[in-house]
Amino acid sequence: MRPWFLALFVPFLFLAFAGPATADEGAGDFIRELAANVLPQLTDPATPIDERRARFREVLSRDFDLDKIGKLVLGRHWRRAKPAQRADFRMLLENYLSGLYTNRFEDLAGLRIKVDGVRDFEGWSMVYTTATRTKGPPVLLDWRVDRKDGAYAITDLVIEGVSMVIAQREEFSAIVLQSGGLDGLLLRLRARIAG
Amino acid sequence: MDISYSDPLEPLNRLVFAVNEMLDTIVFRPAAVVYGKVMPAPAKRGVRNVIRHLSLPFTFINDVAQGEWERSGDTAQRFILNTMIGFVGLVDVAEDHGLPHRSTDFGSTLASWGVGEGPYLVLPLAGPSNIRDGAGLVVQSVADPVDIAFRRADLDLMPLIRAGVTTVDFRYRNLDTLDDFKANALDYYAFIRTLYRQRRAFEVDGGQEMYLRGKQDNEDGEYAYPPPRPDFSRAKPSAETRPAK
């Protein structure tokens, strides 16, 4: 192929990469940074579990928007909740999530995350990534990223099409229904955290 | 309206779920643990390859029924290649030739014809499903070409053995995951229900239908199922390979 002929393709190249939708590349960089520098601190099996738990708590309050996640996870029960119940739930959720996910991070050592693309929605972005481990097939991980006090913050993680927020909402909602109210869920969460 | 998942059969479903859980505890989980310990890794790999290989004829029928011509061609090529060079599916040579395993089923075919999922349904032994996918399983149980061939050859036990091995292989591969879910779930039934439903929606149409319905029912502006994932795998390589041609 002659070199001048290549020049004809250059405009098409730009078209292909620009994509049809607008995208907040900052959100993509936020996830890239998280994957490169924060995740290894949480997954390193050599670090004692207590220290990893403390680190994850830090990440949870800094890089996640727990107020937003709490609202999304409780759904309609959030709107009916009294201020005291909301505060209680917010505290319990943080403890519950940090306990739930710290153990799971052990299996994620050596995880590599590649950003496939970013799409903007109403007030938030979705960062689409592919995660690869040393063995096993690649896993599709999509991050819902909102803004919290001007900074980026994660508000959902979608693993192979399964939204963690929706999974949690369905589960919590089942418990609220069974126990006849939000207090039943708070009781269950408190019992779980206490061990 | 509540965007939470409708489960009108919940009392019955929970009962069947409990029976399945009991069977899992005393039969399938122990069988999977033994299978994992006794079988050497290459043998497990071989079993898995054969299971997947035997699923291909029915997958091909479903590819065609869904109008997925390119995929049906890949499925056929994969089946021929692994039958001829891969010792009847024992070795997955097709994967190295750019034909990775893909699965589909009659539930997905029904979905492609516009049949909605219907209420959530827990089937005895088979576990989480819905009306549409349950119907798909019934069709598969009579229409699977490999099982039909087994029966024609008077190997009447083979379909049953095949189902058993498929179950134990699946259970083995999910030992850690399901142990984790069971230990950590606050309501294991509700957790498995949402997991199945979301995962299934993602497999069937990338979550398109679930997203649209979630949006429609979502009067309170609640966060419904996330928008379908754009297909980056197709867009990117074409952009990169174009100038090289």
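**The sheet of chain A**

Reply: Start with one pair, in what is a predicted model. Strand S2 (residues 125–132) and strand S3 (residues 139–148) of chain A are antiparallel and share seven bridges.

Me: How do you know that S2(A) and S3(A) pair?

Reply: Pairing takes at least two bridges. S2(A) and S3(A) have seven, so they count as paired. One contact to look at: A:Thr130 has A:Leu140 of S3(A) as its bridge partner.

Me: What makes S4(A) and S5(A) a pair?

Reply: Two bridges join these antiparallel strands. The cut-off is at least two, so S4(A) and S5(A) qualify. A:Ile159 is bridged to A:Val162 in S5(A). Two residues lie between the strands of this hairpin, and A:Glu160 has a positive phi near 50°.

Me: What joins S3(A) to S4(A)?

Reply: Eight bridges, with the strands running antiparallel. A:Asp156 in S4(A) is the bridge partner of A:Arg144. This hairpin has two residues between its strands, and A:Asp149 in the turn shows a positive phi of about 50°.

Me: What is the strand order of the open sheet in chain A?

Reply: The order is S1-S2-S3-S4-S5, five strands with antiparallel pairing.

Me: Why are S1 and S5 of chain A at the edges?

Reply: Strand S1 (112–120) and strand S5 (162–163) each have a single partner strand, so one side of each lacks a neighbour in the sheet.

Me: Which strands does helix H3 of chain A lie across?

Reply: H3 (residues 25–43) lies across S1, S2, S3 and S4 (151–159) of chain A. The helix runs at about 160° to S1(A).

Notes. Residues are numbered from 1 along each chain as its sequence is written. Chains are lettered from A and ligands numbered from 1 in the order in which they are written. This is a predicted model: local features need pLDDT of at least 70, side-chain atom pairs count only at pLDDT 80 or more; totals for chains, interfaces and linings use all residues. Helices (H or I, at least four residues) and strands (E, at least two) are DSSP runs, numbered from the N terminus. Two residues are in contact if their C-beta atoms, placed from the backbone, lie within 7 Å. Axes are lines fitted to C-alpha atoms, for helices over the stretch in contact, and angles run from 0 to 180 degrees between N-to-C directions.
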